[in-house]
Amino acid sequence: MKCKINRNAANVLKDMLKSKEAAEGKMIRVFITQNHGDHGHYDIKLDTLTEHDEIVKTDKDIEILLDKREALLDGVWIQYFYVSDEGFFITNPSTGFHEK
């Protein structure tokens with residue numbers, strides 16, 4: 001599985017990994033909030049490793065948990081923007097998507 005992140009997202013995720021929750025062994029997880037068949041909507045949380053997960057190391061040296069059973073997670077791109085509506089924007093360029 002693959003996962004890309006931009007520099008802004010890496011900085012925010014590194015801050016998340018400094019939290020008390022992360023100190024208790026939790027890692028960054030990208031998960032699907034809605035599955036529309038050809039595309040999904042995604043979110044991020046701190047979570048623990050399960051038997052269905054793959055740990056994907058990004059080019060920014062951040063490890064991301066992805067559920068191997070979810071094909072829509074392979075190839076996700078995590079971006080973080082500070083303008084307009086500050087927050088994460090997660091897509092999978094290899095699948096379709098639509099704006100919220």
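D59 and K60 pair up in a salt bridge, with their closest N and O atoms 3.3 Å apart. This comes from a predicted model. D59 is exposed, at a relative accessible area of 58%, while K60 has 25% and counts as partly exposed, because that label covers values between 20% and 50%. A search of the whole structure turns up 7 salt bridges. Among them is the one between E21 and K26, at 3.4 Å from N to O. Here E21 is partly exposed, with a relative accessible area of 36%, and K26 is partly exposed too, with 26%. K18 and D15 also meet through their side chains, at 3.9 Å from N to O, and both of these residues are exposed.

Next comes the sheet. It is an open one of 4 strands, in the order β3-β2-β5-β4, and its pairing is mixed. β3 and β4 sit at the edges with a single partner strand each, so one side of each has no neighbour in the sheet. On average, neighbouring strands are turned by 35° against each other, ignoring direction. β4 and β5 run antiparallel and are joined by 5 bridges. E54, for instance, has L66 of β5 as its bridge partner.

Helix α1 lies across β2, β3 and β5, and runs at about 35° to β3. Which residues of α1 are buried? They are A9, A10, V12 and L13. Seen down the helix axis, these buried residues fall within an arc of 170°, so they line one face of α1. In general, an α-helix has 3.6 residues a turn, so residues three or four places apart point the same way. The face of α1 turned away from the buried side carries the exposed residues R7 and D15. As for the buried residues of α1, they pack against β1, β2, β3, β5, β6 and β7.

The largest one has 23 residues, and V30, I64 and I78 have the most contacts inside it. At least two core residues come from each of β1, α1, β2, β3, β5 and β6, with α1 giving the most, at 4 residues. What does I64 touch, leaving aside its neighbours within four places in sequence? Its contacts include C3, L13, I28, V30 and I78, along with E54, I55, V56 and T58.

Note on methods:
Residues are numbered from 1 along each chain as its sequence is written. This is a predicted model: local features need pLDDT of at least 70, side-chain atom pairs count only at pLDDT 80 or more; totals for chains, interfaces and linings use all residues. Side-chain values use heavy atoms; hydrogens and water are left out. A nonpolar core is a set of buried Ala, Val, Leu, Ile, Met, Phe, Trp, Tyr and Cys residues joined through side-chain atoms within 4.5 Å. Buried means under 20% relative accessible area, exposed over 50%, partly exposed in between (1.4 Å probe, protein chains only). Contact means heavy atoms within 4.5 Å. The arc is that of the directions from the helix axis to the C-beta atoms. Two strands pair if DSSP finds at least two bridges between them. Axes are lines fitted to C-alpha atoms, for helices over the stretch in contact, and angles run from 0 to 180 degrees between N-to-C directions. A salt bridge is a side-chain nitrogen of Lys or Arg within 4 Å of a carboxyl oxygen of Asp or Glu.
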